[in-house]
Amino acid sequence: MKKGATIYLYELAWILPSIAIPVGMLSALLVTAFGAGIHVPSDAGRVDIATLGQKAPFDKLGLVEIGPLRYEVRMIGQIWTFGENEIHIPAGSTVTFLATSRDVVHGLFIPKANINVMLLPGLLSRVTRRFDEPGEYPMMCHEYCGIGHHLMGGKIIVDPRS
Ligand code: CUA
């Protein structure tokens with residue numbers, strides 16, 4: 001084998017993966033974003049902390065029925081509570097969580113429902129999930145928010161439909 005050919009193959013062994021890996025990553029990104037509809041949780045708007053609790057959607061807190069098997073859970077996170085410790089919904093419900101924080105950065109983490117959003121003062125977080133399986137879905141704060149952080153939690157209870 002000529003010496004030049006060996007160098008060419010050696011370079012190719014680096015060049016091809018350096019093209020294939022970014023192309024593969026970009027493809028995975030496009031498939032998950034546009035094919036599977038998976039997006040990074042993003043803020044759904046702004047809320048005024050000064051009037052929190054007076055204006056929609058936070059003028060009425062907790063579980064709000066907005067249609068047949070359609071609910072909103074409106075929560076204001078503050079040290080060290082979501083305001084709601086236990087939320088009952090019937091199985092098959094589609095629930096939109098609307099949440100924000102009154103004071104510091106909190107998080108809303110409901111692992112069994114694949115919900116993981118940050119609650120930031122002044123920003124509205126919105127996430128929608130369908131709850132088909134009856135049972136308890138623990139929810140907890142997953143951003144360290146002070147000495148009572150570990151106490152900040154609650155649960156969604158999905159009741160079987162009779
Ligand atoms: Cu709220 Cu940690």
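Guide: Let us begin with accessibility: a residue is buried under 20% relative accessible area, exposed over 50%, and partly exposed in between (1.4 Å probe, protein chains only). Leu30 has 44% relative accessibility and therefore counts as partly exposed. The model is predicted: local features need pLDDT of at least 70, side-chain atom pairs count only at pLDDT 80 or more, and totals for chains, interfaces and linings use all residues. Residues are numbered from 1 along each chain as its sequence is written, and side-chain values use heavy atoms, with hydrogens and water left out.

Visitor: In which helix is Leu30 found, and which residues form the nonpolar patch on the surface?

Guide: Helices (H or I, at least four residues) and strands (E, at least two) are DSSP runs, numbered from the N terminus. Leu30 belongs to helix 1, residues 3-35. A patch is made of residues with over 30% relative accessible area and no salt bridge, like charges being joined within 9 Å and nonpolar side chains (Val, Leu, Ile, Met, Phe, Trp, Tyr) within 5 Å. Here Leu26, Leu29, Leu30 and Phe34 form such a nonpolar patch, with about 460 Å² of accessible area together; areas come from the Shrake-Rupley method with a 1.4 Å probe, and for residues only the protein chains shown count as cover.

Visitor: How is the protein chain divided into domains?

Guide: Domain bounds come from an automatic or database domain assignment. In this case domain 1 covers 1-38 and domain 2 covers 49-159. Their C-alpha centres lie 42 Å apart.

Visitor: Is Ser125 buried or exposed, and what does Ser125 touch?

Guide: Ser125, in strand 8 (residues 123-131), counts as buried because its relative accessibility is 9%. Contact means heavy atoms within 4.5 Å. Not counting residues up to four places away in sequence, Ser125 touches Phe97, Leu98, Ala99, Val117, Met118 and Leu119. A polar atom of the Ser125 side chain also lies 2.6 Å from the backbone oxygen of Met118.

Visitor: Where is His149 found, and which backbone oxygen lies 3.1 Å from a polar atom of the His149 side chain?

Guide: His149 is in the loop between strand 9 (135-140) and strand 10 (153-159). With 19% relative accessibility, His149 counts as buried. The backbone oxygen in question belongs to Glu143. Leaving aside neighbours within four places in sequence, His149 is in contact with Trp80, Cys141, His142, Glu143 and Tyr144.

Visitor: With which residues is Pro57 in contact?

Guide: Leaving aside neighbours within four places in sequence, Pro57 is in contact with Arg74 and Leu98. Pro57 sits in the loop between strand 1 (43-46) and strand 2 (62-67), and is buried, with a relative accessible area of 18%.

Visitor: How many salt bridges does a search of the whole structure find?

Guide: A salt bridge is a side-chain nitrogen of Lys or Arg within 4 Å of a carboxyl oxygen of Asp or Glu. The search finds three. In one, Glu72 pairs with Arg74, the closest N and O atoms being 2.8 Å apart; both residues are buried. Another joins the side chains of Arg130 and Asp132 (2.8 Å, N to O). Arg130 is exposed at 54% relative accessible area, whereas Asp132 is partly exposed at 42%.

Visitor: What is the N to O distance between Glu136 and Lys155, and which parts of the chain does the pair link?

Guide: The closest N and O atoms of Glu136 and Lys155 are 3.7 Å apart. This pair links distant parts of the chain, with Glu136 in strand 9 and Lys155 in strand 10, 19 residues apart. Glu136 is partly exposed at 43% relative accessibility, and Lys155 is partly exposed at 25%.

How values were computed. A polar contact is a pair of N or O atoms within 3.5 Å; within protein, one must be able to donate a hydrogen and the other to accept it, and residues adjacent in sequence count only if both atoms are side-chain atoms.
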